[in-house]
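This report covers model confidence, the surroundings of the ligands and the nonpolar core. The structure is shown below.

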Amino acid sequence: MTPHSSVTHRSQLVAHPFFFAAAILFVLQVVFGLIIAAQFVWPTFLMDTLPFNFGRASHLNLMTFWLLLGIMGASYYLVADETDTEIFSVPLAWANLVVLLTACAGALSAYWFGHFARGKPFTEAPMPWPLLIALGVVLFLINIFVTLFRAKRRSAITFTLAFGMVGLALVYLLSLPIHRNLTVDYYWWWWIIHLWVEGTWEIIAAAIMAWLLVKLADADRSRLAKWLYAEVALVLFTGIIGIGHHYYWIGTPRYWLLWGALFSAFEPVPIVLMVWDTFAHMKRRHPEPVNNVTWYWLGGSAVGHVVGAGVWGFAMTLPQVNKWTHGTQVTASHGHFAFFGAFAMLVIAAVYYVVPRLRGMERFGQQRAMWSFWLMCIGMLAMVTAFTIAGVVQTYLVRLLGMDFITVRTQYVSFWIFWVWAAGLVVFLPGVLLFLWDFLAGKPADQAPALTPA
Ligand code: HEM
Ligand code: HEM
Ligand SMILES: [Fe+2]
C-alpha cells in the first residue's frame with residue numbers, strides 16, 4: 001500500500017491486499033489449467049508429481065477463491081464509498097483474508113495428499129477446510145453488516161450486495177453435509193453450484209456492475225435502483241426453479257424435466273436486461289477517455305455474460321439437447337465462457353477502477369492494460385471454440401455412434417484440447433501475466449494527472 005492513495009476513507013485501502021491475492025491466485029489457476037490441458041493431450045505429462053485429479057480440483061478451487069477475494073476486495077471499497085463511512089474494522093478484514101487464504105492453501109494441500117471430500121467438483125475440500133471457508137465468509141459478513149448498520153447512508157446497491165452475500169453464505173452451508181444416498185448428495189450439491197452462479201453471484205455481480213456504472217457514467221441512481229431490483233427479482237424467479245436443469249439425470253422425479261426446462265429457458269432474460277442497462281449507460285458516459293480499460297472490461301463482461309452464460313447455457317438447457325451433451329466438453333466450454341465473462345471480467349474491471357485510486361492515480365497507463373485485455377479475450381474465445389468443437393465431436397461419436405468413451409477421449413477429443421492448450425499457453429497466459437505486471441507496476445496515464453493525495 002502506498003501512502004499516496006487518493007481514497008476518501010483510509011479503510012478502503014484494505015481492498016488492495018484482497019486484489020493482490022486474487023491476482024496471484026488467478027495466475028496459479030491458469031498454470032494449473034495449462035497442466036491439466038497438457039495431461040488431456042499427453043496423459044503421462046507430470047502424471048506422478050501432479051495427477052490430473054489434483055490439478056483439476058486446484059484449477060477449480062483457485063478460481064472460486066480468486067473470484068471471491070476479488071468480489072470481497074471490491075465490496076470493501078464499494079461499501080465504504082456508498083455509505084461514506086469507514087469500514088467497521090480493518091483488522092477484521094485482514095483476518096477475513098488470512099482465514100480464506102489459509103483455507104485455500106489447506107484445501108490444495110489436502111488434494112496434494114489425495115484427500116477429497118467425495119468427488120464433487122468445486123467442493124472437494126475435506127474437513128476442516130470448509131469450516132474455515134465458512135468462517136472467512138462470516139467474518140466478511142460481520143464486517144460489512146456492522147458497517148452498513150452504523151452508516152447513515154445506504155443504497156439499493158449496498159442492499160443488493162449484502163443480500164447476495166448472505167445468500168452465498170447460506171447456500172454454502174446447506175450443501176456442506178455429505179449424504180449417503182448419491183442422488184440426495186448431488187441434489188444438494190447443485191444448490192451451491194447452481195444457486196451460487198445463477199443466483200447469489202449473479203445478484204452480487206449486478207450490484208458491482210451498477211456501482212461501476214454510477215462511478216463511470218454518473219448513472220441516475222433512482223433509475224438504476226429500479227433496474228437492479230427488476231434484475232434481482234427475475235434472477236430469483238428464473239434461477240431458483242431453473243436449478244431443475246441439473247436434476248434431469250440424477251435420479252430425481254420426472255417433473256424436473258418440465259420445470260427445469262421451463263424456468264431455465266428464461267434465465268437469460270435478466271442477463272439481457274443487465275447488458276442492455278450497461279450499454280445504455282455506456283452511451284452516456286463521460287466524453288473524455290477516462291479509464292477506458294475499465295470500460296472495456298465492463299462492456300466485455302456484459303457481452304461475455306450474455307453469450308457465455310445466456311447463449312451457451314441456453315443451448316444445452318433443454319432436456320432434449322442436454323440428454324446428448326450432458327457432461328461432455330460442451331459443458332466445459334460453457335463453464336469457461338460463463339465464469340470468465342460474467343465474473344472474472346467484472347472483477348478485473350473493478351481492479352482497474354479501484355487499484356489506481358488506492359495508489360493515488362485516476363487510471364493506469366492504458367497500453368499494457370489493453371494488450372492484456374485483448375490477449376485474454378482472444379485467448380478465451382479460442383479456448384471456448386476448441387472446447388465446443390471437442391464437445392460436439394465427443395457427443396456425436398460417443399452418444400450417437402456409440403463409440404467407446406476412452407477411445408474418443410484419447411484419439412479425437414485430445415486433438416481439440418491441444419488447441420485449448422495452445423491458445424491458453426500462447427495467448428491467454430501472456431494476457432494474464434501482463435495483467436499481473438500492470439497490477440504490480442501500473443503507472444499513471446500521461447494525460448491523466450495523479451490525483452491529489454488524501
Ligand atoms: C454466470 C452464469 C453461469 C455460470 C458461471 C455457469 C457455469 C456452469 C458450470 C461451471 C457448469 C458445469 C458444472 C459441472 O457439471 O461441474 C454449468 C453447467 C450447466 N449450465 Fe451453467 N453457468 C451459468 C449460467 C447458466 C445459464 C443462464 C444457463 C441456462 C440458460 C446454464 C445452463 C447450464 C446447464 C444446462 C448445465 C449442465 C450441463 C450438463 O448437463 O453437463 N448456465 N454451468
Ligand atoms: C490457460 C487457460 C486455461 C486452460 C488451459 C484451462 C483448461 C481447463 C481444462 C483442461 C479443464 C478440465 C476440463 C474437463 O475436465 O473436462 C478445465 C476446467 C475448468 N476451467 Fe479452465 N482452463 C483455463 C483457464 C480458465 C479460466 C480463466 C477460467 C475461469 C475464470 C476457467 C474455468 C474452468 C471451469 C469452470 C472448469 C470446469 C468446467 C466443467 O466443470 O465442465 N478456466 N479448464
Ligand atoms: Fe445451472
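## Confidence

In which helix of the protein is confidence lowest, and in which is it highest? The model is predicted. Confidence is lowest in helix H9 (residues 268–283), with a mean of 82, and highest in H1, at 97. Across the protein the pLDDT averages 90, and 95% of the residues score at least 70. Where pLDDT is low, the predicted coordinates should not be read in detail.

The shell around ligand 1 holds 24 residues, of which Ala-309, Gly-313, Gly-335, Ala-338 and Ala-342 come nearest. At least two shell residues come from each of helix H6 (182–217), helix H10 (292–315) and H12. H12 gives the most, with six residues.

By class, the shell around ligand 1 has ten nonpolar, twelve polar and two charged residues.

## Surroundings of ligand 2

Ligand 2 is surrounded by 24 residues, and the closest are Gly-33, Ala-37, Ala-332, Gly-335 and Gly-424. Helix H1 (15–41), helix H2 (52–83), helix H12 (329–358) and helix H14 (405–441) each supply at least two residues of this shell. The largest share, eight residues, is from H12.

The shell around ligand 2 consists of 16 nonpolar residues, seven polar and one charged.

## Nonpolar core

The largest nonpolar core comprises 138 residues, and Ile-208 and Val-347 have the most contacts inside it. H12 gives the most to this core, with 19 residues.

Leaving aside residues up to four places away in sequence, Val-347 touches Ala-22, Leu-67, Gly-70, Ile-71 and Ala-74.

Technical notes
Residues numbered from 1 in each chain as written. Chains lettered and ligands numbered in written order. Predicted model: local features only at pLDDT ≥ 70, side-chain atom pairs only at ≥ 80, totals over all residues. Near = placed C-beta within 6 Å. Helix = DSSP H or I, 4+ residues; strand = E, 2+ residues; numbered from the N terminus. Nonpolar A, V, L, I, M, F, W, Y, C, P; charged D, E, K, R; others polar. Core = buried A, V, L, I, M, F, W, Y, C linked by C-beta atoms within 7 Å. Buried ≥ 20, exposed ≤ 12 C-beta atoms within 10 Å, placed from the backbone. Contact = placed C-beta atoms within 7 Å. pLDDT = per-residue confidence, 0-100.
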